[in-house]
Amino acid sequence: MTQVYLKKKISRRIENGHPWVFANEVDKTVGPLSGGDIVELLTHDGKFIGRGYANPKSLIFVRLLTRNKGEIINEDFFFNKINTAWKYRQQLGYTENCRLVFGEADFLPALIIDKFNDYFVLQTLALGMDIWKPAIVKALQAIFKPKGIYERNDVPVRELEGLPQIKGFLSEPFDTQILIHENGLKFIVDVENGQKTGYFLDQQDNRRAIQHIVKGGDVLGAFTYTGTFEIHAAHYGAKSVLGLDISATAVEQANKNAALNGLSDKCVFQAVNAFDVLKLWSKEGRQYDVVMLDPPAFTKSRENIQKAITGYKEINLRGMKLIKPGGFLVTTSCTNLVQPELFLEIIEMAAKDAKRTLRQVVFQTQASDHPIIWGQENTHYLKFLIVQVL
Ligand code: SAH
């Protein structure tokens, strides 16, 4: 097996458990190497660190799959890892839907698998993982006997690895509108054309967290997508619910989901730019009991972090202005680079500008099927905050 030697002086990241080796940390490669090959990673003085896949064309040269010298990377390896990930989800109480594999947090770098009932959606975001797609599909078939598997590899990040953007069936074709249940409600997941893998499983616990504060209230939800938070609000007893999304397809799906749950009379969805209407409506003096904000990630690069901060401050300021004294703001951020402390600081800045006092109700993160590995900051990405706005 080809060997990759690290330079003598590299950051302690790899030693501390992080699976990535950047190209500038590599001293030399001994043996032939084509993109995606499994290699052995060694310290500068030849001590075994682990095995992983390499891509000489990527900034991330090696991603480690194991640190166990006795562990061989083959089909069984993927079966065992996926089976372990499923056992862990079951241990946490997941049955029907979950993120089955969350990449690095399940020690399968660049692999995402979402389970929606009897269907699976996967993403292989690096060349070295993409090569193992047949083994991954075989493992899913052996463990779950699924009704269908779909690949959502239509994501730009694959191009950094020299991979094309593609999507399609990895099983016999099936109806890609899948019915799932969450917190006693029904939702349709469009695994073919929906955003990301079709549904945001990471907010499933957070959707439950609004249960008490929405009762009897007028609720405004911006960035609604398929209406999940808003339909929960109606189900939990809100008087009226208005959901906003810039995508007309999302609004159509949200309406379908409301109907599916018999909540169409309470839920209205509008296809508008939330930034524009939040600004306009706060100027007009509209008031709600609860405002919910769940925007998409504002940046993936450090250069644009200031833009993301400004964006979060802006919508949260607008949101707060729309809240009656004593009402609640439900606000989230999935921007990886905005760490929890920074997110709270941004909300505090918005409150100062809005001249409002905040009383914290909950501050939590992604659901536990998206595990957070301590020491790997990028696995801790979701911030979810409920505050009373006085
Ligand atoms: N709350 C949803 C997830 C929201 S994802 C859930 O729990 O499932 C973010 C959504 O914001 C996407 O549906 C996207 O279409 C929408 N969006 C992006 N920019 C927008 C804008 N300027 N105005 C309104 N919606 C926007």
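How many salt bridges does a search of the whole structure find? The search finds 20 salt bridges, each being a side-chain nitrogen of Lys or Arg within 4 Å of a carboxyl oxygen of Asp or Glu.

## Basis of the model

This is a predicted model, in which local features need pLDDT of at least 70 and side-chain atom pairs count only at pLDDT 80 or more, while totals for chains, interfaces and linings use all residues. Residues are numbered from 1 along each chain as its sequence is written, and side-chain values use heavy atoms, with hydrogens and water left out.

Arg13 and Glu25 form a salt bridge through their side chains, at 2.9 Å from N to O. Arg13 belongs to the loop between strand 1 (3-6) and strand 2, and Glu25 to the loop between strand 2 and strand 3, so the pair ties together parts that are 12 residues apart in sequence. Strands (E, at least two residues) and helices (H or I, at least four) are DSSP runs, numbered from the N terminus.

Six strands make an open sheet in the order 2-6-5-4-1-3, with mixed pairing; two strands pair if DSSP finds at least two bridges between them. Strand 2 (20-22) and strand 3 (26-30) are the edge strands, each pairing on one side only. From one strand to the next the twist averages 35°, taken between N-to-C directions of lines fitted to C-alpha atoms, with angles running from 0 to 180 degrees.

Within this sheet, strand 4 (residues 38-42) and strand 5 (residues 48-54) are antiparallel and share five bridges. Leu42 stands opposite Phe48 in strand 5.

Strand 14 (residues 218-222) and strand 17 (residues 288-293) run parallel and are joined by four bridges. Leu220 is placed opposite Val291 in strand 17.

## The ligand site

Around the ligand are 17 residues, of which Gln195, Thr228, Asp245, Ala274 and Asp294 come nearest; a residue is near if one of its heavy atoms lies within 4 Å. A polar side-chain atom of Gln195 is 2.8 Å from a ligand oxygen atom, and one of Arg207 is 2.9 Å from a ligand oxygen atom. Ala274 places a backbone N or O atom 2.8 Å from a ligand nitrogen atom.

Conventions: Polar contact = N/O pair within 3.5 Å; in protein donor to acceptor, adjacent residues only side chain to side chain.
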